[in-house]
Amino acid sequence: MKPVLPKLSPETVALAGLAGFLLDLALAGLLVFALVDRTAPPQDLPWKPFSLDQPIGLATAGKLARISADPAACRAALREGGARFVEGETRETGFCSTRDTLRASGDLSPAGPVMTCPLALRYALWDRQVLRPAAWDILRTRLVRVDHFGTYACRTIYGRPGERPSAHARAAALDVAGFRFADGRRATVAADFRSGDPRGHFVQAARNGACKVFGTVLSPDYNAAHRDHLHLEDSGYRLCR
Ligand SMILES: [Zn+2]
């Protein structure tokens, strides 16, 4: 005897079809996610943890912003990356403050300037993933020192009265003047930024790479006040010139 199948209304058939389609879509989505999760580099995936050892990728800026908002996460990221540091001392003068700062050991000269954790983290990433590879790729040598003009300065922008406080007023910006290499060569922003020779290419690569790491980057391309240094700021309004 043939089984009697219940008669389905056209609406039910359409609904079942739609449910099947959505299930297929969800499964396909899951498959794509699993594939991307397994094959894409972690620096391109926002849900993978940040590491100073990862090259700069599609998700790096977002991760830096997230970590920068959390002092404990920022310090943990530095520690996990092998960066050594001590907590900075807090100075408060008028609109200026070195609250929540640290001093990291590394290749900066003068050594261990006081800086915010987000600035230290971004510097460590720039040093490891931009400067060191560029020194080898462009100059076939090792970077040994990064000369700077300082981080903390209790002043307004350009020191003009009535201007808003500079990022330097909270040790949130670093002014990089030049680079020294293992083979004795030096490259400075003042002399080499526009030289067009390999040292100039290195300084340009340093600036261009900084734009992927820091919030605000100002170079000789911005104005005459920056003819001899790169101003690198922890956050800011995403300005790169
Ligand atoms: Zn500056």
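Predicted model: local features only at pLDDT ≥ 70, side-chain atom pairs only at ≥ 80, totals over all residues.
Analyst: We'll go through this one by question and answer.

User: Let's start with the metal. Which residues coordinate the zinc ion?
Analyst: H168 gives NE2, D175 gives two OD contacts, and H231 gives ND1. These contacts run from 2.0 to 2.8 Å.

User: How are those donor residues spaced in sequence?
Analyst: The pattern is H-x6-D-x55-H.

User: Why is the arrangement around the zinc ion irregular?
Analyst: The four donor atoms subtend angles of 52 to 158 degrees, and that makes the arrangement irregular. To count as tetrahedral, all angles would have to lie between 85 and 135 degrees. For reference, the ideal angle for four tetrahedral donors is 109.5 degrees.

User: Is H168 buried or exposed?
Analyst: H168 is buried, because its relative accessible area is 2%. D175 counts as buried too, at 9%.

User: New topic. Which residues are buried in helix α3?
Analyst: C74, R75, A77 and L78 are buried there. Helix α3 covers residues 71-80. Seen down the axis of α3, the buried residues fall within an arc of 155 degrees, so they line one face.

User: OK, salt bridges. How many does the structure hold?
Analyst: It holds 15. In general, side chains of opposite charge can pair when their charged atoms come close.

User: Give me one. Which side chain does R180 meet?
Analyst: R180 meets D147, at 2.6 Å from N to O. R180 is in strand β8 and D147 is in strand β7, 33 residues apart. R180 counts as partly exposed, at 26% relative accessibility. D147 is buried, because its relative accessible area is 14%.

User: What else does D147 meet in a salt bridge?
Analyst: D147 also meets R186, at 3.4 Å from N to O. D147 lies in strand β7 and R186 in strand β9, so this pair ties together parts that are 39 residues apart in sequence. R186 counts as partly exposed, at 44%.

User: One more pair. Where do R194 and D221 sit?
Analyst: Their side chains meet in a salt bridge of 3.0 Å, N to O. R194 is in the loop between α5 and α6, and D221 is in the loop between β10 and β11. The two are 27 residues apart. R194 is exposed, at 57%, while D221 is partly exposed, at 31%. Elsewhere, salt bridges with shared partners join R75, E87 and D100 into one network.

User: Now the backbone. Which bond joins S109 and P110?
Analyst: A cis peptide bond, with omega at about -5 degrees. P110 lies in the loop between β5 and β6.

User: What is phi of R140?
Analyst: It is near 55 degrees, a positive value in a residue other than glycine. R140 sits in the loop between α4 and β7. A171 also has a positive phi of about 55 degrees and is not a glycine.

User: Is A171 buried or exposed?
Analyst: A171 counts as buried, at 0% relative accessibility. R140 counts as exposed, at 54%.

User: Last one. Which residues form the nonpolar surface patch?
Analyst: L18, F21, L22 and L25, with about 410 Å² of accessible area together. L18 is in helix α1. At 47% relative accessibility, L18 counts as partly exposed.

Notes. Residues numbered from 1 in each chain as written. Heavy atoms only, no water. Patch = residues over 30% accessible without salt bridge, like charges linked within 9 Å, V, L, I, M, F, W, Y side chains within 5 Å. Areas by Shrake-Rupley, 256 points an atom, 1.4 Å probe, with all protein chains shown as cover. Salt bridge = Lys/Arg side-chain N within 4 Å of Asp/Glu carboxyl O. Helix = DSSP H or I, 4+ residues; strand = E, 2+ residues; numbered from the N terminus. Buried < 20%, exposed > 50% of the residue type's maximum accessible area, 1.4 Å probe, protein only. Donors = N, O, S within 2.8 Å, 3.2 Å for Na, K, Ca; no water. Tetrahedral: all angles 85-135°; square planar, octahedral: opposite > 155°, others 65-115°. Arc of directions from axis to C-beta.
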